[in-house]
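Please look over this model with me. My notes follow the structure as numbered points.

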Protein chains: 2
Amino acid sequence: MPLAKQISDTKKKFITMPVGSGGKATKTFINTLLLPRFANARLNVLGDGALLDTSGDRLAFTTDSFVVSPLIFPGGSIGDLAVNGTLNDLAACGAKPLALSLSLILEEGLSLVVLEEVLDSIQAALNKAGVEIVTGDTKVVEKGKADGCYINTSGIGIVHQNSRNLGPKNISVGDDIIVTGPIGDHGTAIMLERGNLGIEADVKSDTVALAEPLGALMDQYGLSLHAMRDPTRGGLATVLNEMAESSNVGIEIDESQVPVRDEVRAVADLLGIDPLYIASEGRMVIFVNPEETENIVKILKSYPESENMAVIGKAVAEHPGFVLQNTSFGGQRIIDLLTGDPLPRIC
Amino acid sequence: MPLAKQISDTKKKFITMPVGSGGKATKTFINTLLLPRFANARLNVLGDGALLDTSGDRLAFTTDSFVVSPLIFPGGSIGDLAVNGTLNDLAACGAKPLALSLSLILEEGLSLVVLEEVLDSIQAALNKAGVEIVTGDTKVVEKGKADGCYINTSGIGIVHQNSRNLGPKNISVGDDIIVTGPIGDHGTAIMLERGNLGIEADVKSDTVALAEPLGALMDQYGLSLHAMRDPTRGGLATVLNEMAESSNVGIEIDESQVPVRDEVRAVADLLGIDPLYIASEGRMVIFVNPEETENIVKILKSYPESENMAVIGKAVAEHPGFVLQNTSFGGQRIIDLLTGDPLPRIC
């Protein structure tokens, strides 16, 4: 069925919202429209960024456009979301940020008060991370041709010398799987802020840069880190599926170990959505050598942005390419890629 | 008057189209909203890209979002426009491209036929330049929240060792000013393609990457190149004003030497627009040591993308910061920055 569905998606003659979801339609779009044209050794990895060798250092390069609606939400705005998202993509490449770019697409009539709030949040996120925007661009489109403001942030990082074991191909059977904090806060906060669900709950976006705890891990236990990716669009389920597929191991997670805030679970239950598919914007999924798990956990717990981390599962030899969840009732179920798009425009 | 106008612009509470024009309102926007927040040594240069030192090589980093309407036009599409524009920004930094990123913002309902044509033109431009996209991102926004497709391309380049005299600060009195081909083709082609002017003329966009001729210049006469910038939004007049201001020299150009195609001049005359303000997307303005002008001209004329180049003027000691044009009638007039936005959404 999934295959038939994918083929039917590719036959559609118009772009549909699920193409932007991070799930199956996105994968089909990349595989049928983008990779056949642009395939190359560095792009084909489809990581959070690309690794580039210059004569001396190894560089990481990443790009993301942000189209979240609303522009300002509990816990952040499209501005710090963009900066933190790009910083986290560099961190997922094992890189320390060198410089960021900022490209604004502004809609005619956008309120300067809103824009200044967005720019202030960019500035605060940059200051917190000690990173600079070194190049930029501003375009304005007519009223009705955007949704207030879209932002592209691209980033360059210097890859850590300890990162040589980092990459989905280095995931081994037995690896422990860590998530650095409760999942789904960001997607839930955005849904609630749109305000058309008839639900009220106190949930804030988790947007935050993870450069500090991940930098400390790289310094001290970098060779024990096997893969990192941030669970944004498509959530934890999507990242785990991508990892299982690229590494050809099986993945098992324990439902009871996956950290989800009560409020997020309550909203997800009301809406009939599995929190595993809800986006986070300040979390990282890390596959680690189990011999160092204890030390890695200690470091993560010592930073506020990752103190609520959890070890949620393992890479296993069985069912390579598939993700299984051990449920609280003692059963197992397959966690598949997302089909459709329950939460558009969350990043 | 210009100052009063700028101040009144900054007091407007909503983003207006001229903020995206490349002229005075853009400058005010950058100076009042962006630089006060993001100022740093590498950004403040406000070049086509930023220069970054790593331990070994010197890197150039640039970003541009493209929002041109229509997406496909005589001579190109938003796709090759984006690739060529970013390659030319790297060239303006004296850099050879290392890698590009591609970030798509697609509107729900965009025709796949149109998207594939755009992607094909990206692929063709990449192949021609021998450069790869190494990282990317795709977002989809609901119908009515974009205009088919917006594209961000960011780029990293390795700065040429001969580029140490390159930068507006190195412009000297006596420098010759070169433009690599006829100006205004791109902006004119876009205006005509929109089709609401009641004018028909055969004008194609000049979009092209200048990496080959400029790379050859760098190799052979790099130390004689003092500044380069591509005259996109705001046209040649805007670039010359930026150069005069950053270098604090005066600039004089000869109206009769500035290459403008007959068709472009005719359309501009009909619309009452000065071709000096119309965007090009495959041209470069170069300030060179006059001792090497003859050799530089020879090289440029040997490449098809710059064979119609011209020496259009000189940097002078008089009227520092101002651009004067010697007219065909023997007079002089000041060429000022653009006010307002005669041609929105041309790149």
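1. The copies meet through the same surface, because 100% of the interface residues of chain B are also interface residues in chain A. In all, 80 residues of chain B contact 80 residues of chain A, contact being heavy atoms within 4.5 Å.

2. Keep the basis in mind: this is a predicted model, where local features need pLDDT of at least 70, side-chain atom pairs count only at pLDDT 80 or more, and totals for chains, interfaces and linings use all residues. Residues are numbered from 1 along each chain as its sequence is written, chains are lettered from A in the order in which they are written, and side-chain values use heavy atoms, without hydrogens and water.

3. Chain B superposes on chain A by a rotation of 180° with 0.0 Å of shift along the axis, RMSD 0.0 Å (least squares on C-alpha atoms of residues with pLDDT of at least 70 in both). The two copies are therefore related as by a two-fold rotation axis.

4. About 6800 Å² is buried between chain B and chain A, and carbon and sulfur atoms give 63% of that area (accessible area, 1.4 Å probe, lost on putting two parts together, summed over both).

5. Between chain B and chain A the count is 14 salt bridges (a side-chain nitrogen of Lys or Arg within 4 Å of a carboxyl oxygen of Asp or Glu). B:Lys145 and A:Asp147 form a salt bridge at 3.7 Å, N to O.
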